[in-house]
Amino acid sequence: MAARCERCGTALSRYAATSACPTCRATLAALPAPPPRLAPAVWMWSDPNAAAALSTRDLALIMRAYRRSNHLSQAAVAQILGYDPSYIAMIEKRKREPGDVAGRRHIARRLGLPYHLLGVTDPNDGDFTAMVQFGDSVIRLAEIARQSGRAVEAVNELWPLAARLEARAAEGRLEPDTVLLLASARLALGVSLGTVLPEERLNGAAVWTGKALMVARHVEDGAFLAHTLRMHGNELRKANRSRAAVARLEQAVAVSADPTGRGSALTLLARAAGEAGRGDEFSAAIEECRRLLDAGTEHGILLNPFTVREVHARGLLALGQPREALRVLDGDRVGEPAAPQWQVIERVTAGEVLAASGDRDRASEALLNAVAMAEYRRLPHQLQRAIRAAERGGLAAAVDAGKAALRRLRGLLAPAV
């Protein structure tokens with residue numbers, strides 16, 4: 001039986017010297033070094049039940065929630081910590097508890113938990129004061145990382161800050177000047193989680209952006225409110241809550257004071273309306289996006305020709321117009337994406353449109369390319385989109401490649417045992 005590429009499943013030449021086909025080798029060779037693993041405790045912050053356990057600072061509850069969220073046995077957690085499984089069982093039953101600082105620090109470090117959750121921080125919160133001083137910079141740098149295609153790095157930077165602010169807020173000790181920082185951290189963490197979480201966990205990202213919106217409605221910052229509405233609406237869309245998504249994005253359009261912000265909101269509204277089957281709203285939003293671009297409105301991550309083209313084609317496909325979607329994709333090239341992840345999103349959309357139009361060869365090529373890039377960028381829900389598109393189109397090689405990549409990616413995103 002002929003050997004096959006370990007990534008896409010394509011049959012290899014009998015003379016092949018590597019386990020990957022030329023296409024996969026070329027795609028991966030063009031990419032820089034892959035991003036880091038996702039911090040193990042980040043899964044918990046996408047799970048409201050686990051987040052509630054963390055807020056109690058009760059080690060027994062935290063240990064049980066950690067295991068459930070990460071689908072680990074007591075023996076697996078014991079292996080991570082270097083303890084006997086019986087000791088983990090006693091901790092969870094509250095029969096034993098590390099009383100020394102070193103033991104608690106060891107548990108926090110190995111499980112990826114902030115030290116303060118296990119009661120081993122400065123009781124006067126001197127470290128909290130230092131964290132707040134650099135909080136804005138942490139959020140700014142994390143946003144730059146996410147927009148540069150390094151969303152895993154962004155999450156790893158953001159969640160300790162968000163966790164500490166949440167704990168302080170739960171104690172009723174959050175000062176007025178840090179309320180906006182709390183909202184900003186919630187929003188940035190939610191959007192970054194929405195980039196790196198698989199589809200079954202995306203509701204957790206919407207929860208975080210929703211918590212940010214709760215604060216944004218009560219601070220006097222119109223630009224932040226508009227931005228929060230945009231991002232929360234988009235996370236609701238990804239979590240399949242289309243009606244709420246459209247409502248939030250319509251609000252974002254209404255309150256956006258600058259043309260670029262309004263155009264960004266309209267781009268997301270077009271995507272949500274198209275996926276919800278609301279053709280008139282989709283067409284109106286796309287038309288207004290193109291008008292703003294033609295008027296020379298400053299481009300951004302969302303309002304730019306590349307993104308608007310992808311959103312236009314995707315919406316037409318969702319509305320049952322694959323030929324019109326193909327004409328949009330086959331039109332004039334419109335430059336490069338504003339962020340690396342949009343190249344992945346566009347390739348998945350292209351694969352969907354081509355498969356729906358009956359062009360199996362080009363569809364397979366687009367989806368295989370998307371799979372390779374999505375795995376590199378740590379984008380599990382884009383892999384899931386690619387797999388569904390390949391399944392609908394009967395593209396077995398792309399299905400196999402996508403499923404193999406998703407298995408590898410889940411292994412990288414889960415705790416190392």
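**A loop residue and its surroundings**

A: Let's start with a polar contact: a polar atom in the side chain of Thr297 lies 2.9 Å from the backbone oxygen of Leu292. The term covers a pair of N or O atoms within 3.5 Å, where within protein one must be able to donate a hydrogen and the other to accept it, and residues adjacent in sequence count only if both atoms are side-chain atoms. Please keep in mind that this is a predicted model, in which local features need pLDDT of at least 70 and side-chain atom pairs count only at pLDDT 80 or more, while totals for chains, interfaces and linings use all residues. Residues are numbered from 1 along each chain as its sequence is written, and side-chain values use heavy atoms, with hydrogens and water left out.

Thr297 sits in the loop between α16 and α17; helices here are DSSP runs of H or I with at least four residues, strands are runs of E with at least two, and both are numbered from the N terminus. With a relative accessibility of 10%, Thr297 counts as buried (buried is under 20% relative accessible area, exposed over 50%, partly exposed in between, with a 1.4 Å probe and protein chains only). Setting aside neighbours within four places in sequence, Thr297 has contacts (heavy atoms within 4.5 Å) with Pro259, Thr260, Leu292 and Leu303.

Now follow the chain into α17, residues 305-318. Its N-terminal end is capped by Asn304, which places a side-chain oxygen 3.1 Å from the backbone nitrogen of Phe306. Beyond α17 comes Gly320, with a positive phi near 80°.

How enclosed is α17 by the rest of the structure? Largely, because 11 of its 14 residues are buried. Phe306, Arg309, Glu310, His312 and Arg314 are among them. The cover over these buried residues includes α13 (222-238), α15 (259-275), α16 (279-294), α18 (322-329), α19 (340-356) and α21 (380-393).

α15 has 17 residues and runs 24 Å from first to last C-alpha, close to the expected 24 Å. With 14 of its 17 residues buried, α15 is also largely enclosed by the rest of the structure. Just after α15, Gly277 has a positive phi of about 75°. In α18 you will find Arg327, which is exposed at a relative accessible area of 56%. Ala313 itself is one of the buried residues of α17.

Other residues with a positive phi are not glycines. Asn240, in the loop between α13 and α14 (242-255), has a phi of about 65° and is exposed at 70% relative accessibility. Arg378, in the loop between α20 (360-377) and α21, has a phi near 60°, yet it is buried at 7%.

Stepping back, the protein has 22 helices and zero strands, and 53% of its 417 residues are buried. Among contacts between residues at least 6 apart in sequence, 63% join residues at least 24 apart.

Note on methods
The expected span of a helix is 1.5 Å times one less than its number of residues.
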